[in-house]
Amino acid sequence: MEGDYTIGGAFSIHFKEDTKIYNYTTMPEPPSCTGSINSRELRFSRTMIFALEEINNSTELLPGVKLGYQIYDACASVPVAIHVAFQVSNGLDPVFYKGSNCSQSGVVMAVVGESGSTPSISMSRIIGSFNIPQVSHFATCACLSDKQQYPTFFRTIPSDKVQADAMAKLVKHFGWTWIGAVRSDSDYGNKGMASFLDAAQREGICVEYSESFYRTDPRIKIQNVADVIRRSTAMVVVAFVASGDMKFLLEELALKPPPPRQWIGSESWVTDPNLMKFSFCAGAIGVAIQQSVIPGLRDFLLDLSPTDVAASSVLTEFWEDAFNCTLTKIAEAKKKACDGNEDIKNLNISYTETSDFRIPNMVYKAVYAVAHAIHNEVCQEKKSIIECDKKSALELKQIVATLKMVNFSQNGYPVSFDQNGDPVAFYELVNWQKSESGTTELVTVGYYDASLPKGQEFNINRNLTWAQSGTQVPVSVCSESCPPGTRKVLQKGKPICCYDCIPCPEGEISNMTDSTDCFSCPSEFWPNLEKDACFPKPVEFLSFDEVLSIILAALSVSGACLAIITGVIFFHHRTTPVVRANNSELSFLLLFSLTLCFLCSLTFIGAPSEWSCMLRHTAFGITFVLCISCVLGKTVVVLMAFKATLPGSNVMKWFGPPQQRMTVVFFTFIQVLICTVWLILSPPFPKKNLTTYKEKIILECALGSAVGFWAVLGYIGLLAVFCFVLAVLARKLPDNFNEAKLITFSMLIFCAVWITFIPAYVSSPGKFTVAVEIFAILASSFGLILCIFAPKCFIIILQPEKNSKKYLMNKN
């Protein structure tokens with residue numbers, strides 16, 4: 001159609017180019033197209049005509065200016081697209097007449113199209129050289145955003161880079177990390193898939209296979225791609241494929257449908273109604289251009305009569321294909337003549353799919369963008385009246401510059417371009433769902449808005465149908481997720497999504513799914529059995545509520561009671577010969593010290609504190625020295641008593657009761673001095689032992705100074721050995737007054753217990769160290785009281801006839 005200004009259009013109305021073989025003897029004919037009509041692309045071209053007619057009838061946009069058009073069929077072919085580019089650059093003039101301005105002869109103001117990325121790239125490289133702006137409605141290759149190579153290219157559909165990010169986030173959202181990938185072997189497929197794979201890698205998604213094909217490839221090539229899909233282990237297939245290419249792949253797969261596959265589609269094919277007949281793709285999810293409402297377009301598309309159709313060769317071909325009849329007077333052998341009763345509204349094809357407009361709205365906005373650019377150059381508003389100069393000679397670079405700044409809304413949909421000629425990206429998320437009638441329908445289930453803040457762009461607001469109309473989200477992973485308590489170890493030679501789950505080593509945890517490493521718990525914490533959390537280590541000490549502690553405490557109290565009872569018995573019979581003959585003062589002092597020895601073992605039970613740690617060791621050391629000092633005193637008294645019986649001996653006056661008391665005080669004072677120095681310089685203190693057991697804390701008393709501890713024990717041992725030696729020397733002295741044999745046995749037991757104690761103390765772990773020390777105290781205390789006092793109590797209570805001076809003097 002002629003007009004004051006002409007806009008070009010390029011659409012792939014046919015699927016392929018009619019290839020011809022030339023013999024180079026005749027002028028080559030212009031390229032032509034063959035195959036059936038692509039009704040979807042025909043609808044795009046008709047939308048352009050509708051938009052131009054709407055603009056021409058507008059009183060606000062270019063009033064008084066008529067826009068014409070030249071629409072070409074590019075056949076989805078690069079050679080034909082290049083031919084179209086030259087046509088819109090040169091016009092249809094076969095000869096440039098002398099004196100004409102060839103640079104503007106028949107040149108269009110802008111070109112709307114092409115639908116494919118590769119033909120658009122070819123066209124842009126040519127018409128860009130002449131500053132002719134190109135506004136595509138369907139070319140999504142991210143490469144076209146490069147203004148160095150394509151300075152005059154614009155588009156109303158978002159770039160594949162944004163689409164690839166949206167698809168990667170979609171895949172990640174459902175937890176799919178193991179996918180297959182197929183793509184068109186074209187700029188759209190190759191570069192779109194490259195963007196997707198980059199985004200997928202950032203999201204931690206692995207690709208089992210990546211296959212490419214093109215509709216013109218030999219069938220064996222497409223067959224191989226279909227076989228790869230059938231054999232793969234990946235449940236999810238991401239297809240960055242042009243609609244025309246996808247048709248050939250799905251036809252090949254339909255011959256032998258693959259196992260259930262979850263298809264993720266790019267906007268090129270996922271909204272194509274022609275492909276929804278392939279039922280094995282039910283449940284497919286993809287990103288789609290926002291569905292739109294264009295008032296009047298539905299009626300324009302469907303208001304076709306045979307008379308209107310006959311005036312256009314393209315519409316005629318479409319009509320005859322759609323109704324399988326012919327409009328020519330001579331009917332073909334295989335077709336009947338059209339009778340004029342055909343109604344296009346009864347057809348179920350892409351052209352008649354007018355329930356929503358997605359890509360047609362992109363065409364519609366592209367035409368309006370060019371019209372606004374022309375309007376801004378030739379029209380001015382004077383006194384609320386818009387006046388346009390339709391004779392204004394427009395420079396093409398003016399249109400390019402003005403297109404960069406257009407910003408308007410049409411039917412409520414904003415139109416603007418960024419510095420790369422791209423619009424703000426907004427996608428709908430669509431799902432192929434089967435209706436009650438069994439047909440596959442396209443259902444909008446969410447959206448992706450790139451203008452929103454990061455993390456908020458993606459939203460799903462409706463239930464989805466999955467592969468084979470399933471209701472559960474399918475699983476597509478190379479390896480199952482590693483639960484907390486394990487870590488991932490990559491399988492050699494495989495992608496990062498293929499791994500084994502190895503339990504965390506002892507003392508380490510992982511508290512999240514798919515952890516790549518385990519980490520140690522803090523020093524006072526330990527993992528639970530599942531190794532997914534750290535809990536405080538149980539604190540172990542010899543507490544009063546344990547069976548062992550109860551037994552030891554009972555023995556301790558029993559021993560103290562035994563010592564007290566013995567003391568009561570001795571006190572009650574203090575005038576009897578047995579008591580008087582055995583140095584009653586030292587005996588009472590020994591019983592008192594033994595009571596303290598028994599009771600001091602109680603200080604070892606319970607949670608160690610600063611005071612209990614100091615008390616338990618010093619009380620033990622001092623009471624035992626007091627005890628041994630008394631025994632030593634008794635032993636010396638026996639020896640001195642027999643020495644005193646020798647003629648002329650006056651030794652007892654040097655070892656009477658005052659001297660005995662001084663000896664006990666002196667020996668005990670030395671131990672008190674040792675303990676005092678120990679407590680002043682480096683006293684015992686409570687300590688958390690984290691090294692003996694990894695899984696628990698031993699609460700114990702640290703010695704502070706090991707020298708102090710062993711000095712206390714060494715002093716006790718020294719006195720015990722000295723006492724033992726003296727008792728051995730006096731063991732065979734005659735007369736019943738001699739208790740040296742009893743002292744010898746008691747000290748033998750005492751020394752044996754404490755010699756055994758040393759290795760047992762050093763080697764016992766945890767609370768058993770304390771138990772060993774208590775046992776040694778009790779054993780040695782019981783040894784003393786039983787060996788020294790039990791025989792005497794036996795005589796006093798059970799054999800009183802022997803408790804007489806006469807019997808003891810052995811004069812019977």
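Guide: Start with R230 and D227, whose side chains meet in a salt bridge (2.8 Å, N to O). The term means a side-chain nitrogen of Lys or Arg within 4 Å of a carboxyl oxygen of Asp or Glu. Side chains of opposite charge can pair when their charged atoms come close. Before going on, note that this is a predicted model: local features need pLDDT of at least 70, side-chain atom pairs count only at pLDDT 80 or more, and totals for chains, interfaces and linings use all residues. Residues are numbered from 1 along each chain as its sequence is written, and side-chain values use heavy atoms, with hydrogens and water left out.

R230 and D227 sit 3 residues apart in helix α6 (residues 219–231), so about one helical turn separates them. Helices (H or I, at least four residues) and strands (E, at least two) are DSSP runs, numbered from the N terminus. R230 is buried, at 15% relative accessible area. D227 is partly exposed, at 27%. Buried means under 20% relative accessible area, exposed over 50%, and partly exposed in between (1.4 Å probe, protein chains only).

Now a second pair. R202 and D165 join their side chains in a salt bridge, with 3.1 Å from N to O. R202 lies in helix α5 and D165 in helix α4 (residues 160–173), so this pair ties together parts that are 37 residues apart in sequence. R202 counts as exposed, with 59% relative accessibility. D165 counts as buried, with 17%. The structure holds 14 salt bridges. Another of them links K382 to E387, with the closest N and O atoms 3.9 Å apart. K382 is partly exposed at 44%, and E387 is partly exposed at 41%.

Next, follow strand β8 (residues 178–184), where 7 of the 7 residues are buried. W178, G180, V182 and S184 point one way from β8. I179, A181 and R183 point the other way. Strand β8 pairs in the parallel sense with strand β9 (residues 206–213), over 7 bridges. Two strands pair if DSSP finds at least two bridges between them. From β8 the chain crosses through helix α5 (residues 187–202) to β9, and this β-α-β crossover is right-handed. With the strands pointing away from the viewer, that means the path from the first strand over the helix to the second runs clockwise. Along this pair, W178 has C206 of β9 as its bridge partner. A181 stands opposite S210 in β9.

Strand β8 also has a link to β10. Strand β10 (residues 236–240) runs parallel to β8, and 5 bridges join them. G180 stands opposite V237 of β10.

Now zoom out to the sheet. It is open, has 8 strands, and shows mixed pairing. The order is β9-β8-β10-β11-β12-β19-β20-β21. β9 and β21 (458–460) stand at the edges, each with a single partner strand, so one side of each is left without a neighbour in the sheet. Neighbouring strands here are turned by 30° against each other on average, direction ignored.

One more open sheet is worth a look. Its 3 strands run in the order β28-β30-β29, with mixed pairing. β28 (539–540) and β29 (685–689) are at the edges, each with a single partner strand, so one side of each has no neighbour in the sheet. β28 pairs in the parallel sense with strand β30 (residues 697–702), over 2 bridges. There, V539 has I697 of β30 as its bridge partner.

Terms used
Axes are lines fitted to C-alpha atoms, for helices over the stretch in contact, and angles run from 0 to 180 degrees between N-to-C directions.
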